Amino acid sequence: MSIHQNTTKKITTHRLQEMKQRGEKISMLTAYDYSMAKIVDEAGIDIILVGDSASNVMAGNETTLPMKLDDMIYHATSVVRAVNRALVVVDMPFGTYQGNSKEALSSAIRIMKESGGHSIKMEGGREIKESIERILTAGIPVMGHLGLTPQSIFKFGTYTVRATEESEAQRLIEDALLLQEYGCFGIVLEKIPAELAKMVSERLHIPTIGIGAGKDTDGQVLVLHDMLGINKEFKPRFLRRYADLYAVMLGAVQNYVADVKEGSFPNENECY
Ligand code: KIV
């Protein structure tokens, strides 16, 4: 079947807006490769985020800062090949949009052209106004990201809950309204008090997607490797584990090693 005959109703930024209007929650997960993205898309996820958390869970780095534009394009290209329905959002990595808006636009264009992703995500508020607006003029949908912004970890020093102080909460509300005004189609709210996330979500007409931001955002996002229990070390309060794949995979590989060692693999049915 050619892609032009594909009848799947794809998720678009407009459909996300409609979902918010009718109170339908939006589901979002990360994925970084073809095989995982295929499962996540088939399961009916609305948004797949090719997050720069690939730096942590795929590459084993402590922070997201080392991620390069070429790395993000590689991961996004693999994900896009697998996806039939979900909207694919690709993170702009650290250092590719903070410098100036011209550089931001050329980074975003490379992501869209080379990976086939459907939109990009950037961390920050008013300080990246020019970059957001310039990218939007090229017709590229932009998702915002406020609260805990891991690309600024060295400025804050910790991964603790953000915007617990009145002044920081006020600034976050203002930034959310500004991102909406600039034209973002949605905003990720990471690790902020649930009451604040509720207030922001009620004030915006674009959807909010929370991670560690309580139940009243318009949708939820988790890092796939965390919710599948592949990544054992990361145990924040907001994380619900839906599987213990670390144990399942460890057991499978241990069984394989044992079978090879004792000569029971392959058996006669597994030979030509
Ligand atoms: O990179 C990422 O996975 C993210 C999510 C935590 C929202 O930005």
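This is a predicted model: local features need pLDDT of at least 70, side-chain atom pairs count only at pLDDT 80 or more; totals for chains, interfaces and linings use all residues.
View A. How many aromatic pairs does the structure hold? There are 2. In the one shown here, the ring centres of phenylalanine 234 and phenylalanine 238 sit 6.4 Å apart. Their planes meet at 70 degrees, and since over 60 counts as edge-to-face, that's what we call this pair.

**View B. Threonine 208 in strand S7.** Now for threonine 208, which belongs to strand S7, running over residues 208-211. Buried or exposed? With 0% relative accessibility, threonine 208 is buried. Its side chain makes a polar contact of 2.7 Å with the side chain of serine 201. Leaving aside residues up to four places away in sequence, threonine 208 also touches Ile187, Leu189, Val200, Thr217, Asp218 and Gly219.

**View C. Leucine 189 and the nonpolar cores.** Leucine 189 is one of the neighbours of threonine 208. Which members of the largest nonpolar core touch the most other members? Out of 58 residues, those are Ile48, Met92, Met122, Ile135 and Leu189. Again skipping residues up to four places away in sequence, leucine 189 has contacts that include Leu146, Leu172, Ala197, Val200, Ile209, Ile211 and Ala213, plus Ser201, Gly210 and Thr217. There's also a second, separate core of 15 residues, with Ile11, Met19, Met143 and Phe185 among them. In soluble globular proteins, nonpolar side chains do tend to be buried together.

Notes. Residues are numbered from 1 along each chain as its sequence is written. Side-chain values use heavy atoms; hydrogens and water are left out. Helices (H or I, at least four residues) and strands (E, at least two) are DSSP runs, numbered from the N terminus. Buried means under 20% relative accessible area, exposed over 50%, partly exposed in between (1.4 Å probe, protein chains only). A polar contact is a pair of N or O atoms within 3.5 Å; within protein, one must be able to donate a hydrogen and the other to accept it, and residues adjacent in sequence count only if both atoms are side-chain atoms. Contact means heavy atoms within 4.5 Å. A nonpolar core is a set of buried Ala, Val, Leu, Ile, Met, Phe, Trp, Tyr and Cys residues joined through side-chain atoms within 4.5 Å. Rings of Phe, Tyr and Trp (its six-membered ring) pair if their centres lie within 6.5 Å; planes under 30 degrees apart count as stacked, over 60 as edge-to-face and the rest as tilted.
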